[in-house]
Amino acid sequence: MPKKKLEKSRLPAYKDDTSILSCDILFCIIIRLPVKSLLRFQCVSKPWRAIISDREFKKSHRDQSKEMGREKMLLGRKSGEFEFSKVENSELITMEEQRIPLKGFQRTQILCSCDGLVLLKSPRAFKIFVLWNPSTREYRALRCPYLNVKEEIVLPTACGLCYDSRVDDYKRLFPYVDRTSTIIYFDIKSDEVKELPTPGFVGEDKIFQFLLLRRCLCLYGGKIMSKESDIWIMEQDGRWKWLMNVCNMPSICGRFVRDMKLLYCTENGEVVFQENDTSQIFMYNHKRQQFVRVYDKKVSPLIASICLDSLYFSTPNVKRKRKQRSPTPNNMNSR
Amino acid sequence: MASTTETKQKKMLILKSADNDEFEIEESVGVQSETIKNLVEDGFTFVPLPNVYTKALIKIIDYLKKHANKTDSNDEEIKTFDKDFVNTTFDDLFELVSAANYLHISCLMNMLCQTIADRIKDKSPEAVRKIFHINCDYTPEEEAKIRKANAQAFEGQFDESLD
């Protein structure tokens, strides 16, 4: 089993005789810890901190989290607060409250999330976005270089984040999707926008939505006026696999595709939806073909997003150094 | 130990622990360890394990025997066995994880690392230090600085127990 070894030079202190486990083994253990524990365990000792703050460790931790499916639901409240919540016994339970410390971004929208990084947009600002890791509370303001059109502000209809392993950073994507049944995607290997062959089940009278479900590309939808929906996922080999049919939708919703947004799939295989108008959260049990309304003690959330429990934050080392040397009032990095 | 009739039929290996105890096991059981498999492929039937002590080796052989007989029907039985296997002290787990790492038994390694991680995740840094026998090398000022920078990770109550 090949393991990533940390460079010895980075961990000079780990040679001490008090350690009972080798650095390799310690790496394998602590990589399985959640972010909150890791942040706390930085003060166990200097060698522990050296491992935890290492960039390679953070990347491996992110991959491990993905593999373990360690996802959290991030909710944005109307009050401007964010919180990590979980659905337990069809009740919404707050695990951790979050705040965005950047001025003007307290009441922001969650545009998209990828691997534990969330892209936020303030309702008033059009050029500035905030990249945020709510697990570690790191954030960075970004200026979008493509929206400098004077005449009209064109907002992207969709937005995405993707990881580019070549430059070892996340790219912000703003694809414009038209209303025909064409799926376009951005190939990060060739840096080109390409068209994905339309799957056979997407008929002309049907509407489908996208989502990343359990690391797979997922399409869900059906006939425009339908009260039912089908969920399909794309398998590793690129073939579409039918996952389930969702029926018996709650009476407050009229049409499935218009009114319901798929959020994620729980460990027990329940599918969590959000109703668009009321922001209420529902859980669908596939075996019983039953929707359950998730009880929420507080006012309805504005928006819900899924977020990986990850230490990783895409701040290139070079930029971080530059920032330290000349602290500017608005430390914005445009890419 | 296996009976003599079985010994004749099946290929056997002898494992020697760091404290010089010898154990005879079937080759098919032993080769779940990558380290042993490599030695067997090179023609060895006597395997000295200078990094594995008898106490850990006995437990690991038990594990390998159980997992060598994995079928579809005894899934529950193996789960119970695994649960029992990791239900031990931290010091025992550390000894086992070192042995599993040396022997390259990846499924055991994963299970042990996950067990240790699950058992320490809600603990305080002080408890972790004691469990891992670590002497804190921070000055009180340095430690306070790190705590302050990660204040949210210190919200709430933590488990101070050492088991």
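Residues are classed as buried under 20% relative accessible area, exposed over 50%, and partly exposed in between (1.4 Å probe, protein chains only). The structure is a predicted model: local features need pLDDT of at least 70, side-chain atom pairs count only at pLDDT 80 or more, and totals for chains, interfaces and linings use all residues. Residues are numbered from 1 along each chain as its sequence is written, chains are lettered from A and ligands numbered from 1 in the order in which they are written, and side-chain values use heavy atoms, without hydrogens and water.

Chain A contains six helices and 20 strands. Helices (H or I, at least four residues) and strands (E, at least two) are DSSP runs, numbered from the N terminus. Of the 335 residues in chain A, 49% are buried. Contacts (heavy atoms within 4.5 Å) were also examined. Among those in chain A between residues at least 6 apart in sequence, 48% join residues at least 24 apart.

Two residues other than glycine have positive phi values. Arg137(A) has phi near 65°. Arg137(A) sits in the loop between strand S6 (128-133) and strand S7 (138-143) of chain A. Its relative accessible area is 25%, so Arg137(A) is partly exposed.

In chain B, phi of Asn20(B) is also near 65°. Asn20(B) belongs to the loop between strand S1 (12-16) and strand S2 (22-26). Asn20(B) counts as exposed because its relative accessibility is 53%.

Strand S12 (residues 206-213) of chain A holds Ile207(A). With a relative accessible area of 36%, Ile207(A) is partly exposed.
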